Structures are given as structure tokens and as C-alpha cells.
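Dear colleague,

I am handing over the structure that we spoke about, placed just below this note. After it you will find a description of what turned up in it, arranged by topic.

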Amino acid sequence: IANNQNGELLPAICFIWQIAMIALFAIFVRYDPEADAHWTEYMHQNNITSNIENDFYYRYPSFQDVHVMIFMGFGLLFTFLKRYSFGGVGFNFLISAFGLQWALLMQGWFHSLDSTDWTIKIGMKSLINADFCVAGCLIAFGACLGKVSPIQLMVMTLCGVSLFAVEEYVILNLIHVGAKDTGGSMVIHTFGGYYGLTISWILYRPNLHQSKRLRGSSYHSDVFAMIGTLFLWVHWPSFNSAIGNHGDGQHRAVINTYLSLAASVLTTFAVSSLSAKRGKLSMVHIQNATLAGGVAMGTAAEIMVSPYSALVVGVCSGIISTFGFVVLTPFMEKHMKIQDTCGIHNLHAMPGVLGGAVGAVTAAFASTSVYGQEGWASLLTSLILKQGYLFSLGCILRLPCWGDPEDENCFDDEVYWEVTATKVHILATRLYNTLFIYVFFFTKLPEDEESVPPVNQYNDQKADKQTDV
Amino acid sequence: IANNQNGELLPAICFIWQIAMIALFAIFVRYDPEADAHWTEYMHQNNITSNIENDFYYRYPSFQDVHVMIFMGFGLLFTFLKRYSFGGVGFNFLISAFGLQWALLMQGWFHSLDSTDWTIKIGMKSLINADFCVAGCLIAFGACLGKVSPIQLMVMTLCGVSLFAVEEYVILNLIHVGAKDTGGSMVIHTFGGYYGLTISWILYRPNLHQSKRLRGSSYHSDVFAMIGTLFLWVHWPSFNSAIGNHGDGQHRAVINTYLSLAASVLTTFAVSSLSAKRGKLSMVHIQNATLAGGVAMGTAAEIMVSPYSALVVGVCSGIISTFGFVVLTPFMEKHMKIQDTCGIHNLHAMPGVLGGAVGAVTAAFASTSVYGQEGWASLLTSLILKQGYLFSLGCILRLPCWGDPEDENCFDDEVYWEVTATKVHILATRLYNTLFIYVFFFTKLPEDEESVPPVNQYNDQKADKQTDV
Amino acid sequence: IANNQNGELLPAICFIWQIAMIALFAIFVRYDPEADAHWTEYMHQNNITSNIENDFYYRYPSFQDVHVMIFMGFGLLFTFLKRYSFGGVGFNFLISAFGLQWALLMQGWFHSLDSTDWTIKIGMKSLINADFCVAGCLIAFGACLGKVSPIQLMVMTLCGVSLFAVEEYVILNLIHVGAKDTGGSMVIHTFGGYYGLTISWILYRPNLHQSKRLRGSSYHSDVFAMIGTLFLWVHWPSFNSAIGNHGDGQHRAVINTYLSLAASVLTTFAVSSLSAKRGKLSMVHIQNATLAGGVAMGTAAEIMVSPYSALVVGVCSGIISTFGFVVLTPFMEKHMKIQDTCGIHNLHAMPGVLGGAVGAVTAAFASTSVYGQEGWASLLTSLILKQGYLFSLGCILRLPCWGDPEDENCFDDEVYWEVTATKVHILATRLYNTLFIYVFFFTKLPEDEESVPPVNQYNDQKADKQTDV
């Protein structure tokens, strides 16, 4: 049933939307002077002596890193579920490509509409901001991973991008004039986090345990997700510096983020080891909480916080993020009806709040005129503003027309993707079950599950087969 | 038998070829003035005031992205076959490293031979062009993936690079003076596409169905291929701008390609969903057709086409490319004796033609002196010119001395690579078959293959095991 | 038992260390003038006219590539073991993040301590050097992969970084004034190689064969490792040019490394094919020896060696490296009590020595004042200097308090990581063994293990299942 709606709606939405985009781009979007054939004139008018002064050369390497983070970092991080890797990376691809077009328009209308001819001039900085805007929606996707249909995701992205642009406008231009949120702790991460959690709360599924068998990782899907983590970790300094000020601003943002990330890795390993019996490490923590240092450094990345403060920020964010995975996520699922698949509350929402606080505190010590002074206010606004909007959006998403998967088919690629060998998979499952029952009841297990029992070793190749696929 | 020839010939060819390269490089190749110890003098002579004006800083970030595309993008995209991942990524590595050396020489001789001392001066732009030239050959590899030996691939690459340099010279310098094909829609993609298809047609294997069991993907090999796709997709703006003009040229090429790619993602999802029953998406389409927007934007990337036109190009290319996978590839295999393993006709050849057309049309509207006006002519030449050459090359490749795999061993890494646990694999296969027959005949299947049947849930770990390896 | 110590010690070490880092950073570390809010004043004082002259824009793209190599290149290369992928990529992550903070301090104290206020000013070049320093320790990790605990790795990294900074200071400043080792053939690779081999020799495990079943790769773990290889290979030109001189220096280092790497790919394939019966290629060789060209080009990367010499260096390094894997590693394990898990002797130590020799020879031909003349001396010093230090370190690491795995649990992620489905894994192993014995004794194998036997093809999906997971 779910699929049929998918089959009808998805192509229609994609086509209609893309045609609307073409029309709106034709009306509103032009090249920035730095990307226009009149660049040479522009150079003369502005006393620019060399092509290398084009903003392109200041920002393109950072932009590419951000682009990699959006499509590869988030995409691969979402492949961690054993049987939802296609959906994780594939829907991430779809909604990013969908969202960035709308983000170019929305951010253009709200932030850079040229009042002389009512057009939006796009250049390198617009592309980076569009990617940032999409990042907020991907964070929200993380909370709903495996439980929503691609069409719901597209609606979420459409509304998310719109809300994001409005909220950013309100915070940075009306409430808090002259404020800056270079790496988007507040605007991107706190926004995306609470957006996703609210949606997830409205779409609560009381019977989600019916697909519990699929809600976990396999050995290799964890390695895929780890690649995504590393993409995000390595390129985060670019994320926090991409729209920074030329010169020392970008330079300093990179140093601060680099240090904060390094510190959060150590505390994540520490807390992860502390939280498990026998001190074993958990891949979920390593895949997520190690990134909290980058999130928390976002707002203050460009500020002269001094290197050791960046380490302190990293330490705190790593601790609260891992702690969140250990304690808060299970608590929220049990008692607050929030099913947060990827734990975005721990990775984005909380470290984002921390980052906003850091930004506000450092700004209070710094010259007001430069850094602004209402971090707390803007943070609060960011949390409150959207709840009404979200409630109505959530009600719309609960309508039974979006083709979302049934409770027992959540986290399963079979619903939306052609996966090879369906019948064989069913048969193998059945065969496995039969054999499992036999082995389970007629075999004595070792007392301790810590170590694989000494396999009798008449032939090495046997052991190879166990994990060789 | 195949292997023996591989064992004798491959090392010999590698050594002889590499020694020949050393000799030719010693005679012909020198550093470009911008990479030479005389750079400081060169700066004074040319009134360059800063090291940052060195072409290195304009192009190195883009070059690195292109380099990633060649070795990681193409390489991982070719790992999609369930049992040919080593061959896909490994042979891609071999022929790229082999081809780029020859490309530096061929392109140097034809495009930038210094007539005063008969040497080739290599710099950043030469390395990028060598990578581009290799890309054409990798496209051709895609059509033959799994069906040829590494030695055949090296011969194909050698001849391909030579042909490419000559053809590029003829099109861009003789026929069509002053033309430019920044992102290589015509020169790289159309060339590589039809080169590979012709070779594949000549090497047609009527009994390829004997290795049908291996001609498909596995769940994780599809994720590996998706990583390759994302590398290509994310870095394609660099591909189309890497040899663009400094300043607004490179800037605009990035914007156009970024938009075109985003649009082709949406139409690919739409057509893929439309083409399957129940609207299920196909990984093959997502892995390939989403890239068509980059191919089609190649020629016109630097032109002032305006942002919405870039979206239109992306829309069209995504549609024709996905359509090609659904309709044309099966048709060509059945009726035209073209076995196109990776569907390069859909991803490179057709969008390349579209891109050439876009370039020609936009050039016709633009100032002739800047953009040229003979796009169509050059496109046609590109298609016709090489057929004679290709026919003779194909006949050579059909000689029975190249160690190509037998029909039942196509798409199998065992032929050229040491793969662990061969015996165990055979035994496991046999055991599996035995059990399969039992289960197949004595078990009633569910009517509908859409959903995994409700597995009895006395123990969760069981389900974990099914997909956990 | 091992785990318990891990559980107690690891968090303690991480926290104490990180707090110590914060204290030391607070005392010693400040921003470089180019990353400081006083940059604008600095520009005026130094007649710099544009922000684009900030060192950030010269080095950031290369830095990002180096960062990717450290965390993704090394990390994924270490996932090749079938059941130690978490440990490979995870511990690489931990010790890199741990080591780079200490490296910033040690290198600051020894190389760039500001004598006016006793502080270290960190900028882009410091971050690159910290990454380089960590690379040396990761090389050493490669020799011990799977046989040591994370705590031992942290001790190794701490001591390695300290030793590295001292040694670099002695070689480049005391013995060999004015010498330069741009890509670190001598300082990084030879250092890291012999450091790791010495540790591995001291920690020799006579009963390592007890975990032989896990000391091998699986099909997909080999593909993961290959991604790591490609990251390293593609970005190596950035590694060798990252701290090069602005302008032609960085430009030339990239060209030389690009050519050397390409040449070593061809000779690696050749020697790998020669060394196996039937000419089959080995993934171990392709994953490692193809990188030797980058290592060997390190010291001389910036020198005017001429392009063909770079090819010669690549050819030689590819040959000796592959030869090392085929002959030396087994010999060293059997007769010299050195268990070198990743073969770092072949990839780093030997090509590093070659690179040092190339640097010394070319420097002898070049102007002495520019390139120095005591390469050999410094190379020798690099080898001798640290043996005493290493011996005491090794004795410390042999103390029974570090929680290292027992001989039969080496190369097993279960010891330090939460791996899903432990019980099921045990049961599956047991079931597999039972069935294996049956099949092994009652089934006749084909004579030749070269090819998979013609599977009876009554149903294609069967074959899909074999490798589909």
C-alpha cells in the first residue's frame, strides 16, 4: 500500500517541483558580479588588481569540503542501519539536491534580494549558505531515519528550509542586529535538532518495536557509517570557516575547530568506555559524539577565544553528547515519546545550545559592537519561535496519504528500493530460523560471551568463511 | 589458460612501458616556468607581484578534486558487481596511472610543444588535462567491465589516449578554431562513450549469459558504488571548472554545474520511480543517471547560460539518462550486440551529445568570436572520425593472445586476483545449493514478495545475524 | 581480564591527559599573527596588500588533504583485517586526535618557541606539522595493529611524538643546518617505520599463530582498505607540498610526487603479478606498495630533479616495496621475531631510506647552500639515535598492566568493542563447523581451485544469495 502511493506521488512531486524551480530561477536568479561576464569591469570599478581576489578563490576549497560533508558525510553516516543503507544515503541525496535549490531562493529573498531589480545574485557564498540550510534539514532527517517516506522527507525539507530562512532572518537581522553565527551552532544545529525532534515526537509510533529486528547495525554497515563520520570530522574546520571573514577570520575559525574536535574525540572515548561494562567502546558513540566539538565551536569559531578555550569547549561537548547517547536517548524514547533514530539530540541539539552559550559568553567579554550581545535571546527565540508552525506541519505529515512504512517495515530498504534476491532472503531467513531453533535448544553455550570460543582448528579456511562475504 | 598469459605478459608490458616512459620523459618533458626554479625571474619579467598569482593556487584545489574523481570516483563506481570489486577498483587504478603518463606526452606533443627546444613544459594545467584524458578511457572501461583482461585494458588505454589527443587537436584547433570544451562534454564524454561502445560491440560475447550469476550487485557492493557516485557528483563542479578561465569563468562554471547536477538528481528519482512497479527506486539509476547533469553541462559550463538554463539542462539529462537505463541498454544488448556493463551510453554518450548541443546552441546566441559557432560540426566529426581506427583496434583486441576471461568466468575476481578461501567458497556454494533445493521444494512461499514475512520473534539476536557479517 | 584494565585505565588516561593539555595550552599556546585579530596591523607593517596573501590561502587546501590522509587514509587502510575494522579505524582516530595536541606543543617548544614571551604561535603550518608528526606514530601503529591495547597505543603515541620532535630538531637544526625534508621521507617515514618495527620486535608474541584464523582479510574489508589506499595515493602530492615554499616550490613538489606515484603503481602491479603463481595479483601489494612512490619522493619533492627522475624514483620504490612484501616480511617474522601486521617496513621504512638517499644525492649535485649536503649523516642518525630510548619504552610496554589482548584474541574487535550478536556469532560458528565437517568429508572437491565450478543454474537467485549480505 505504502509503495503504491510512493509510485504515484514521488515522480509527480519531483517533476512539478523542478519545473517550479526553473520558473522561479528564470524570474529571480542571476549571477553574482564576481561570477558574471562583467567581472572585469567590476574589478576596475573596485580597484581589484587580480583575478585571485575573486571570492571564488577565498572560498572554493571550503565550499567543496562543505559539499562533501552534506552529501557524503551525512549520507554515509546514515547508512549505519543494517538494512536501511540505501535509504540512508539515497534519500539524503534526494532531499539535499531538492533542498538546496529552494534554499538558494529563500535565502536570496530574505537576505540578499537586490532591491533595484528584484533579483537574487548567486555566488560562492550563496552556494555555501544553501548547503548550510540543507544541513539543518538533514539533521532533522536523522531523527526520522527509517520511519518516514521519501515524500514526507521532501515536505519536511521544503518546510524546514522555509522556516530556516525566516528564523535566520529574524534572529540575525531583527532581534539581534549584526550578530553572526559563522558555523551555525545556533541557527543550523539547534534549529535542525529541535525541528527533527518535534517532528519525530508528532510522528510517534507506539508499535515501533515490531521492526526492532532491523533497528541495529551490521559489522560492515558500521564501517560505512564511520567513513561518513570521518568525512564530517575532517572537513568540519571548513564548515565553521567557509563563510568567515577573509584573512585571519577564516584562519582562526579553522584552528579553533580543529582543536575543539580533537578534544571531543578523547572525552567521547573516555565516557563511552566508562559507560559500558568491561570498558568496551561503542561504535554509536564514536560515530557521533566525536563530532560534537565541531558543533559546539560553531558560533564562536571566528572569535578570539584562545586555543585552550577551544579545547575546553571540545571536552564539554564530547562529555554531554556521549552522556546523551547513554542516558537521554533511551529516556526520551521511553518516557517522552521521542524516537530519535540517529540521536540528533545528542549530536546537534545539545552541543548546538552549548555552542550558542559559548558564543554569547565570549561575545559578552568581547567588544559588543563587533560580536553582538544578545546570544541568549536569539537562542531562546530559536527554540520558541517555531513550535506553532511545527505543530501544524506535524499534523499535516500525519495525514494517511504520504506512503510512510508500516510499523513492522520500518528501517527496511525493501519498501522503497529494489533489493536483489528478495525471495532468497525470505527463504534464507526461514532456513536460518529453523536451524537456529535446533542449535539454540540442543547446544550448550559458553558461560562468558566475552570471547569467541576456541574454534577447533583443523582447517583455517573455515574461520575465514565466517566473516568472509 | 587466461591467467598464464596474464602472468607472462602483464609484468613485461608494465616494465617495458615504464622504461619507455622514462626515456621519453628524459628527452621531452621539463617543468613549466611556474613550477621551475626560475619562477622568481619569470615573475619579474611578467610584472607578477606575488607568489599567490602562480597558476598553482588558481587550480590546485580543483585538480585535487578531479584526481579524486578519477581514482576514487570512477574506481568505486566500478565496484558495484558483487564479485568484481577488486577488478573494478584495481584495474581502474592501473590504467589510470598508466594512461596519465602517456597523456602528458601525447597532449604535450599535440597541444603545447615548445618549438624552440622541442620540449613539453608541464604544470598544473597539464596534470589536469592528463586526468581528463584518462577519464575518457575509464568511461570506455565501464562498457567492458568484467569482460576484458588487464592487458586488453592497457592496450585500450594506450590507443584511447592517443586517439583522444589527436581528435581533440583536430576538433579544437583545425576544424573549429578557438572553440573551447571546458568540461569536456563533447571531447571527453562523447568520445569515451562511443569509444567504449564500439570496443564492446566488436568484443561481443554471445554466451555471456554463462556468467549471469555474477552479473549483479550485492547489498554492500551497491553502497561501495554509491560512495563512488557521490565522489563524482560532489566534485563535478571542479571537473567542469578546473581548466576554466581565471576569475569569473571558473566561478560561473561551478555555479552552473552545481545547479545542473541538483536538477538531474530529482528527475532521476522521478523517472526511476515511474519505471518500476510499485514505484520502487533502482540503485543502478541513482548511481549513474544523477551524474548526467554534470556531463551535459560540460561544454557550456563557462558560458553565461543563466542559472535557470542550467536547471533545464539538468532536468533533460536526468530524464534521458534514466530512460536509457530502463529502455536502451536492454535493447542494445538484445538487438545491437552491445553489452554495456556500466551503461556508459546513458551516463556519458547521450548526455555528452546533449552537452555538445547545448554548447553549440548557446554559442550561436553568444558572440561568435568568443564562443565559436561550429559545435555541431565538431560533434559530428567526433562521432565519425574514429570509426576506422576503432575497427582495426577492435580486430587486434580480438586476437586470442590477451588472456581475457572465458564466458563463464566474466565478472569474477578469481581470474586475476588472489581471493581468500577459494575452497571454502566452493563448498559453501555446494552446501547452500543442497539446502536451497530442500527449502525451495518443501516450503511454501508468501504470495507477495513485497515484505519480509513477520519473523517469529522469540529472540532478537537471530534477526541480527541474518544480515550481520 | 584485558578488558577490565581497559575499562579502568582508558577513561582515566583520556581525562587526565586532556586536562593537562588544556593547562599547557593555556600557558603556552597563542594564535599566529596571521590567525590573530591583529592581522590587519600585521599586513600594514609587512606591506601586505591583500587578505589573499594570508598563509591560510596558500596552504589550506593542502592541509585539508593531509588531514584526510591521517584520519581517513590511514584509518581505512587499517580496516583490512576481517574482524579488526573497528579497531583499525577507531584507534587510529583516538591516537591521532590525542597525538596532534601533544605534537603542537612539542613542535612548538622545539621549533618555534617565541623567546620574547615563551609562547607558541600556532597557524596553518603548525597544524600541518602536527598532522605530519602524528603520521609517524600511525606508521608505528601499523606494525602493531591488532596486537596492542588502546592504552599501549596512547603511550606509544605520546613517546613517539616526543621522540619525533627531538629527533627532527637534532637532524634538521643541529647536525644538518639548513636541511629540509619537505615530504618527510627521512623524518616521518623512516622514523615511524623503525620506531614501529622496534616496538613490534620487543613485543614479539611467540604464540601469535593462535589467532591466525583472524589474521586475514575478507572480500569487503579489502575494499574498505582500498578506499584508504586511494585517499593516501590521491592526496600524497598535497602531503609532499603542504609545507613547501610558496610558488614554484609547492607547484614542483606536486608534479614530482604525481609522477613518482604513477610509476610505482605500474611496477607494483608488475612485481605482484610476477611473484604469484598464474600471475594473480594480490590486494595486499596493491593496497600498500603503490604508495611507495610518494614516500620515496618525500625529501626531494621540492628539488629540481626533473620529471623523468621522479619516474625513476617511483619505479625503484614500487619494486623494492612489493619485493619486501613477498620476501622480507615473511622472513622477518620467521627469523627476526618482527611481526609486522601491515608491512610498514616495505611501505615506509625502506622507501623512506630510498627517499633520504635520493635527497642526499640530488642535494650533492645541487647548490650546497640551498639543499644541504649531509643527507646520509642525518639518515644514519635517524636510525641510531633512538634505539636506547626505544628499548626502555619497549620494556615499559611489556609490563602486564596495559590490558593488551591475549594471543588467541589478537586481531579481534570483540576485546575492545561492543560487536552485535555475540552469541549468535558463536552459534553460527559452531553450526558452520558441524556442517563443514560433513561437507568436507562427504564431498569430492574439484581438482583445480582456480575457478568456481559451474554452479547448476536452475535458479539465478541462488547465486545472488551466496555473496549478498
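**Strands and sheets**

In chain C, strand 2 and strand 3 (residues 119-122) are paired in the antiparallel sense over 2 bridges, where pairing requires that DSSP finds at least two bridges between two strands, and where helices (H or I, at least four residues) and strands (E, at least two) are DSSP runs numbered from the N terminus. Please bear in mind that this is a predicted model, in which local features need pLDDT of at least 70 and side-chain atom pairs count only at pLDDT 80 or more, while totals for chains, interfaces and linings use all residues. Residues are numbered from 1 along each chain as its sequence is written, chains are lettered from A and ligands numbered from 1 in the order in which they are written, and side-chain values use heavy atoms, with hydrogens and water left out.

In chain A, strand 1 (residues 29-31) runs parallel to strand 3 (residues 119-122), to which 3 bridges join it, and A:Tyr31 stands opposite A:Ile122 of strand 3. Strand 2 (residues 113-114) of chain A runs antiparallel to strand 3 of chain A and is joined to it by 2 bridges, with A:Thr119 as the bridge partner of A:Asp114. The hairpin of these two strands has 4 residues between them, and A:Trp118 takes a positive phi near 50° there.

**Salt bridges**

Side chains of opposite charge can pair when their charged atoms come close. A search of the whole structure finds 21 salt bridges over all chains, each being a side-chain nitrogen of Lys or Arg within 4 Å of a carboxyl oxygen of Asp or Glu. In chain A, a network of salt bridges links A:Asp114, A:Asp117 and A:Lys121.

Also in chain C, C:Asp407 and C:Arg205 form a salt bridge in which the closest N and O atoms are 2.7 Å apart. This pair links distant parts of the chain, 202 residues apart, with C:Asp407 in the loop between helix 16 (387-397) and helix 17 (422-442), and C:Arg205 in the loop between helix 7 (185-202) and helix 8. C:Asp407 counts as buried at 17% relative accessibility, and C:Arg205 is buried at 9%.

In chain B, the side chains of B:Glu333 and B:Arg215 meet in a salt bridge of 2.9 Å, N to O. B:Glu333 lies in helix 12 (residues 307-335) and B:Arg215 in the loop between helix 7 (185-202) and helix 8 (219-241), so the pair ties together parts of chain B that are 118 residues apart in sequence.

**Aromatic pairs**

There are 81 aromatic pairs over all chains, counted where rings of Phe, Tyr and Trp (its six-membered ring) have centres within 6.5 Å, with planes under 30 degrees apart taken as stacked, over 60 as edge-to-face and the rest as tilted. The rings of A:Phe231 and C:Phe231 make an edge-to-face pair, because their centres are 5.8 Å apart and their planes stand at 65°. Each of these residues lies in helix 8 (residues 219-241) of its own chain, so the pair joins two chains, and both A:Phe231 and C:Phe231 are buried.

**Cysteines**

The search finds 0 disulfides over all chains, a disulfide being a pair of cysteine sulfur atoms within 2.5 Å. A:Cys133 is in no disulfide, and the nearest cysteine sulfur, that of A:Cys137, is 5.7 Å away. A:Cys133 is buried with a relative accessible area of 0%, and A:Cys137 is also buried, at 3%.

Notes:
Buried < 20%, exposed > 50% of the residue type's maximum accessible area, 1.4 Å probe, protein only.
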